[in-house]
Amino acid sequence: MIKIEHIGIAVNSLQNSNLLFEKLFGNPAYKEEEVLSEGVKTSFFMNGPNKIELLEPTNLDSPIAKFLEKKGEGIHHIAFDVKNIYIEIERLKADGFTIVNEIPKKGADNKLVVFLHPKSTNGVLIELCQEID
């Protein structure tokens, strides 16, 4: 894992949070999309080389809805860009990390994604991302 791909922030309202981050960064979100499999709507902001993903739940059973209910708005995960997600999964499993979804799934922003369980990463949800060709 070489670089942070993005930081994900759980929000109650994408519309309100988009306005807030637009003011903060001085530019609008460059992309919005819905990820049906995760029950979430997302928007992405660039700030220099840094990317921020805002996540709003679209149903009460989504992981983001459960996170918001338990912890409120705030940082949800840190995502790292990887060249080969399958090799990273095997390497991290061999090193004792717990993989939440061992089969990569399509995530937002044209990525394959897997998550590392926070219990194996000092309480931080880690997402691995690989660009889909």
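**Figure legends: helix α2 and the chain around it**

View 1. Turned away from the buried side of α2, one face carries the exposed residues Lys 66, Glu 69 and Lys 70; exposed means over 50% relative accessible area, buried under 20%, and partly exposed in between (1.4 Å probe, protein chains only). This is a predicted model, in which local features need pLDDT of at least 70, side-chain atom pairs count only at pLDDT 80 or more, and totals for chains, interfaces and linings use all residues. Residues are numbered from 1 along each chain as its sequence is written, and side-chain values use heavy atoms, leaving out hydrogens and water.

**View 2. The buried face of helix α2.** In α2 (residues 63-71), Ile 64, Ala 65, Phe 67 and Leu 68 are buried. These residues line one face of the helix, because they fall within an arc of 160° seen down its axis (the arc of the directions from the helix axis to the C-beta atoms). They pack against β1 (3-10), β3 (40-47), β4 (50-57) and β5 (74-81), where contact means heavy atoms within 4.5 Å.

**View 3**

**View 4. The elements of the chain.** The chain has three helices and eight strands, in the order β-α-β-β-β-α-β-α-β-β-β from the N terminus. Helices (H or I, at least four residues) and strands (E, at least two) are DSSP runs, numbered from the N terminus. Of the 133 residues, 44% count as buried. Among contacts between residues at least 6 apart in sequence, 52% join residues at least 24 apart.
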